[in-house]
Amino acid sequence: MTCILVIDDDTAIRGMFGRALRTLGDIEEANGGAPALRRLAARKFDLVVLDLHMPLVDGFSVLDSLSAKGALNRDTPVFVVTADESQQARIRALRRHAIFLLSKPVNLAMLVSLAESSLKKAASRATPLPEKPQAERPKKD
């Protein structure tokens, strides 16, 4: 079963994203960077939706952790959602581990569509291609 981790210090936003994404799989929530790091170290997720600006441990620290060699979720796609419109923050997030950067307020239909597409793409990469049958060689007499 697909599992998505939603990380945001705002309860209402976590709930809103969770309800929107629930059709794609199980949703887990983390109310900040520190709880998120514990969850990311404990289990594999199929997608992470991450706020950048949170108290104590911010989204950039979470991105750095995900990018670390040997990280359990190193290959997990990350969507960053932020109210920060600065070019510097956007570049910084995309240079780390983020594959999409969405501005708050987030268009939920777009979030779900992008998530669905990313999950399908990841699933197709994980599914081995069927072996091609070898052509029979003519027998030599």
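Let's begin with two strands that lie side by side: strand β1 (residues 3–7) and β2 pair in the parallel sense, and five bridges link them. Look, for instance, at Val 6, whose bridge partner in β2 is Glu 29. Keep in mind as you explore that this is a predicted model.

β1 and β2 belong to an open sheet of five strands, with parallel pairing and the order β2-β1-β3-β4-β5. Which strands stand at the edges of the sheet? They are β2 (26–30) and β5 (98–103); each has a single partner strand, so one side of each is left without a neighbour in the sheet. If you compare neighbouring strands, you will find them turned against each other by 20 degrees on average, direction ignored.

Next come the helices that meet these strands. Helix α1 (residues 11–21) lies across β1, β2, β3 and β4 (78–82). Its direction is at about 165 degrees to β2. Helix α3 packs on the sheet as well, where it touches β1, β3, β4 and β5. The direction of α3 makes about 150 degrees with that of β3.

Helix α3 also has a helix to pack against. Helix α2 (residues 33–42) and helix α3 (residues 59–67) have their axes 9 Å apart and pack at an angle of about 15 degrees. Why do we call α2 and α3 roughly parallel to each other? Angles under 35 degrees count as roughly parallel, and α2 and α3 are therefore described in this way. The crossing in which α2 passes α3 is right-handed. To see where the two helices meet, find Gly 33, Leu 37 and Leu 40 in α2, and then Val 62, Ser 65 and Leu 66 in α3. Sorted by class, this contact has four nonpolar residues, two polar ones and no charged ones.

Finally, let's zoom in on one residue of the sheet. Leu 47 lies in strand β3, which covers residues 47–51. Is Leu 47 buried or exposed? Its relative accessible area is 0%, and because buried means under 20%, Leu 47 counts as buried. What is Leu 47 in contact with, leaving aside its neighbours within four places in sequence? The contacts are Cys 3, Ile 4, Leu 5, Thr 76, Pro 77, Phe 79, Ala 115 and Leu 119. Have a look at Val 78 too: Leu 47 and Val 78 are 31 residues apart in sequence, and in space they are 6.0 Å apart, C-alpha to C-alpha.

Note on methods: Residues numbered from 1 in each chain as written. Predicted model: local features only at pLDDT ≥ 70, side-chain atom pairs only at ≥ 80, totals over all residues. Heavy atoms only, no water. Helix = DSSP H or I, 4+ residues; strand = E, 2+ residues; numbered from the N terminus. Buried < 20%, exposed > 50% of the residue type's maximum accessible area, 1.4 Å probe, protein only. Contact = heavy atoms within 4.5 Å. Axes fitted to C-alpha atoms, helices over the stretch in contact; angles between N-to-C directions. Parallel < 35°, antiparallel > 145°, perpendicular 65-115°, else oblique. Left-handed = near helix turned anticlockwise from the far one by under 90°. Nonpolar A, V, L, I, M, F, W, Y, C, P; charged D, E, K, R; others polar. Pairing = 2+ DSSP bridges.
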